[in-house]
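Notebook open, viewer open. I'll jot down what I look up as I go.

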Amino acid sequence: MENTIRVRRKQLKLSQAELSELTAVTRQTINAIENAKYDPSLELAFKLASVLHTTVDNLFDHGVEKHE
């Protein structure tokens, strides 16, 4: 699943290691999520959104078109 985690993380000047510590996962997990090789659990998605000061919807492109 495509995401903007890397962009948000860099905006906040966090390393993958720092983000992994804040979300209680390994750096390898953060790397895999950023590279769309692993989809996080719902719980982890909410943790990431919280730490990155955004919403789950803003972090992940879930392939559903938004209707206005």
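Predicted model: local features only at pLDDT ≥ 70, side-chain atom pairs only at ≥ 80, totals over all residues.

Which residues does T29 touch, not counting residues up to four places away in sequence? I get Y38 and L44. T29 itself sits in helix α3. I also checked its side chain for polar partners and found the side chain of T26, at 2.9 Å.

**Overall layout**

I stepped back to count elements. The protein has five helices and zero strands, so the order from the N terminus is simply α-α-α-α-α. Of the 68 residues, 34% are buried. I looked up the accessible surface too: about 4,700 Å², with 51% of that belonging to carbon and sulfur atoms. For contacts between residues at least 6 apart in sequence, I find that 54% join residues at least 24 apart.

**α2 against α3**

Next I looked at how helix α2 (residues 16-23) meets helix α3 (residues 27-34). The angle comes out at about 105 degrees, and the axes are 8 Å apart. The two helices are therefore roughly perpendicular to each other, since 65 to 115 degrees counts as that. I listed who makes the contact: α2 brings Q16, A17, L19, S20 and T23, while α3 brings R27, I30, N31 and E34. Sorted by class, that is three nonpolar, four polar and two charged residues.

**α4 and its cover**

Which residues of helix α4 are buried? Within residues 42-51, I noted L44, A45, L48, A49 and V51. I then asked what covers the buried residues of α4, and the cover includes α1 (5-11), α2, α3 and α5 (56-59).

**Two positive phi values**

I went through the backbone angles next. Most residues other than glycine have a negative phi, so I wrote down the exceptions I came across. K13 is not a glycine, yet its phi is positive, about 55 degrees. I place K13 in the loop between α1 and α2. Is K13 buried or exposed? K13 counts as exposed, because its relative accessibility is 71% and the cut-off for exposed is over 50%.

H53 also has a positive phi of about 55 degrees and is not a glycine. H53 follows α4, in the loop between α4 and α5. I looked up its relative accessible area as well: at 62%, H53 is exposed.

Last entry: R6, in helix α1. With 30% relative accessibility, R6 counts as partly exposed. Leaving out residues up to four places away in sequence, I find R6 touching E34 and N35. E34 was already on my list, as one of the α3 residues in the contact with α2. R6 and N35 are 29 residues apart along the chain, and I get 8.8 Å between their C-alpha atoms. What does the side chain of R6 do with the side chain of N35? The two side chains make a polar contact, at 3.2 Å.

How values were computed:
Residues numbered from 1 in each chain as written. Heavy atoms only, no water. Helix = DSSP H or I, 4+ residues; strand = E, 2+ residues; numbered from the N terminus. Buried < 20%, exposed > 50% of the residue type's maximum accessible area, 1.4 Å probe, protein only. Contact = heavy atoms within 4.5 Å. Areas by Shrake-Rupley, 256 points an atom, 1.4 Å probe, with all protein chains shown as cover. Axes fitted to C-alpha atoms, helices over the stretch in contact; angles between N-to-C directions. Parallel < 35°, antiparallel > 145°, perpendicular 65-115°, else oblique. Nonpolar A, V, L, I, M, F, W, Y, C, P; charged D, E, K, R; others polar. Polar contact = N/O pair within 3.5 Å; in protein donor to acceptor, adjacent residues only side chain to side chain.
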